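I opened this entry to record what I looked up in the model. The notes follow in the order of my checks.

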Amino acid sequence: MSSWFDYTINGLIIGNVYALVAVGLALIFGVSRLINFAQGSIYLVGAYIGWVAVVRLHTPLPLTIIVVAAAAALVGLVIERFGLRPLQNSVRIAPLLATIGISFVLDQLVMLTFSPNPRALPSQLPDVRFQLGGGTIGPLDLLIAGVGITSALLLFVFLRYSKLGWAVRAASQDRDAAMQMGVDVNRVNQAVFGIAAALGGVSGMLVGMYYNQIDTAMSLQATLKGVVAEVVGGAGNVPGAVIGSLLLGLVESYGVAVFGTSYRNLFAFLLLVVVLVLRPNGLFISPRQAPPEPLTGTFIAPSRPLRIPRWALAVAGAIFAVLPLFPVSFYVLQTLINAWLLGMLALSLTLVAGTMGQVSLGHAALLAIGAYTSALLSLTLNVPVGLAIIGGGLMSAALGTLLISPSFRLRGHYVSIATLAIGEIVALVILNWESVTRGPIGISGIPPLTLFGYDLISPSSVYWFSLAVMVVLALLQGRLLTSHLGRSFRAIRDDDIAARAYGLSLNRYKSLAFIFGGFAAGVSGGIAAHLYSYINHETFNTQQSILALTVVILGGLGNVVGAIVGSVALVGLPEVFRIAAEYRILIYGIVLLLLVRFRPQGLLGTI
Amino acid sequence: MEKQLHSMLSLRGLTRRFGGLTAVDTIDLDLAKGELISIIGPNGAGKTTLFNLVTGLDRPDAGTVSFEGQDITGLSPERLAAEGIARTFQLGRVFGNLSVMDNVLIGAHTRLRAVKPAVPVIGPLLELGLALLRPASVKAEEEQLREEVKAILARFGERLLPRIDQPAYSLSYANRRRVEIARALALKPRLLLLDEPTAGMNPTETAEMQGLVAELKAEGLTILLIEHKLEMVMRLSDRVIVMDEGKKIAEGPGEQVRTDPKVIEAYLGHGLSGTAEQESAA
């Protein structure tokens, strides 16, 4: 039984670490109704600053903690001042996209500075274990518990007894009223971001010490775990976030005890989905919501979309169609094939995120479902490749819609959290369901593209095939947008309450958007699988989801032509300028941030 | 009992609590077909919450709502829209990025045949298919609805028609209210709930709106109206209900309610009712 004691201690310690992240998220959500996707990046930054302090500067532990907290707080203040404050009067989607972009930029900067290879972060504490009850406990466990409890006390004193703390509490109860009473909301935001970042940074350092390892993948995991804990505790509820974190730590720890380490994250995300479905307001608030607050402003940037005459589109299409007839290099064709595949994904995302307003951060999962389905159909059942790709599209449409359906009643940021979690769940299932997906080995020897018995091996035939598929999908989507469905999707996006009052069922229309979008993404994944001939659980990752999101914002949310233009631009321009691969993701993140700040309607305008 | 038989909407003991606050407190109400009842009361009296309870956006803690003899308590807003209940919103909830035309077409959503092929489970897929293929019947229906929308917009004179293709976010506040009412009319409602249709309108615009509501009433539409402008309430209403702190404190013809001391007290507070009475008499 001693191991159970150890698992409990382990769960509480990890829960303590999550609490440091989750409390920050809860504070920020409280005052600005924003889920800060960059929280995990600050945690990552904290871990690496801790590494620099310990390994390079040899600072003693108390000083290390202070240095990390101060540096992380500074990062938080910079994010607040330059990333979010300019967006205060912007459309509702803007701060959400900004924190996603900031998180991407920070992660990439850390990766470029320190290389993606894991590093050891020694804890500077004596390596002894004390016997306690049925198990053991080490000095690091005590340190983490101590930091957790001390921060909670400091935070309590700050919120309860300091003037700024009062202002924070006032602003989180009623921002407008607080402003009218003379509360300086900018100072409140600063305070909250600074505190959240300091806690997040220290948390990253402690986790690094706990596992004696830090790497750049920590960021996304931390954001997800922190958000899970915060949502379980009730968004914006600070004590709730602490309890949610401890609960999450225990659930994970017991889950690992029973099923093994590779299931750790699966439990976290399943807990999230269950809570979102059953008690979207968290465990401590009754599930019956108070009447929805009136929504002011629009979700996406209002704009007049640029009208491109049909003949111009036809001419552009014709030029791209005849391109392979001219002596262009294989390299150019290859780049454009990538653009067409990304274009299909972007069509899917622009429908779901732009037209329907469900900002999906797990869109690469739809690629993965389509790719695996098509690969397995053609490999194990000998289904002709053309049909297998369609099968992949249908599977993505069905399974993707089914997986996302529990979050149809969620709004705004919650949809992004849910889709991010579902994307992770899909990747984890692919990794662990070895009998079907071949687990970490991946699937190799996927047959090449064929159409009606002809092998599409030459670059130009693959080019034509992918271009044709993309154009057909784009035309269908254009037709969808001009039908009553396009109108219904956009109405739900703009105001789901008013839409329901006029008979529009959210489940029905969100399903239809995900079915159509899932098909396009699944087809893209299917084609990619046959093109690459080898896929595994990491082929379709979050970076692709973010790239697709950047494409969609660049082209204009909901804009079909914009999605294609954006794909060509974001795939093509880095090639033209020969930008090294490791800088590309950084550039995509920066492009996303600049767009959100200076041209939220994208190049061609939102629809 | 007789009243119940003829009433289109009846509320019995309708109650909604938020924490310690009872926003709607055991409200009874009967609205006959073709009748126009106004609900007045100070801010925070529970009028909009009452609307939310009737239209399914919120669920009561106690009591029942019945519509044409059917119990509709707790039904979803989508179902109630399909039953023919349309409403406007106090703060104005137009679809900002949709054109005026599209906003009003959404009002006709429950009437679209393309929306509900009567097949379970695959109904939504058929709807997707119809939207993509768009057979002649779907096109014809859409065309006919567009004509209907123009006819509805024409009721607002030159306020909305010239702006038919403009996105709603570019409209003035008053025009957004008009779009909301046009959208409600496009549903061809059997019961219309108007939540402060003249909020933020100047006297001319208010008079126009009053004329429109009078027309709708003359056409036989059953209307429940929340309104602060008492002159409009007095002219239009068959009966007036006064709410204060969630309770119904008075009910009856406008003139009778107007001089009710309880009503004056609710509006002006204790100790002032004497002066208020003189003013209202004046």
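I began with the division of chain A, which comprises domain 1 (15-116 + 123-243) and domain 2 (306-318 + 328-598); such bounds come from an automatic or database domain assignment. The model is predicted: local features need pLDDT of at least 70, side-chain atom pairs count only at pLDDT 80 or more, and totals for chains, interfaces and linings use all residues. Residues are numbered from 1 along each chain as its sequence is written, while chains are lettered from A and ligands numbered from 1 in the order in which they are written.

The C-alpha centres of domain 1 and domain 2 of chain A lie 33 Å apart. Their contact takes 22 residues from domain 1 of chain A and 20 residues from domain 2 of chain A, where contact means C-beta atoms, placed from the backbone, within 7 Å. On the domain 1 side, helix 4 (93-114) and helix 9 (218-233) of chain A each supply at least two residues; helices are DSSP runs (H or I, at least four residues), numbered from the N terminus. Helix 4 of chain A gives the most to this side, with 13 residues.

Next I examined the chain interface. I found 36 residues of chain B in contact with 31 residues of chain A. Helices 2 (47-54), 3 (77-83), 4 (100-107) and 5 (123-133) of chain B each supply at least two residues of the chain B side.

Lastly I noted confidence. Chain B averages a pLDDT of 89, pLDDT being the predictor's confidence in each residue, from 0 to 100. The model scores ipTM 0.91 and pTM 0.89.

Terms used. Two residues are in contact if their C-beta atoms, placed from the backbone, lie within 7 Å.
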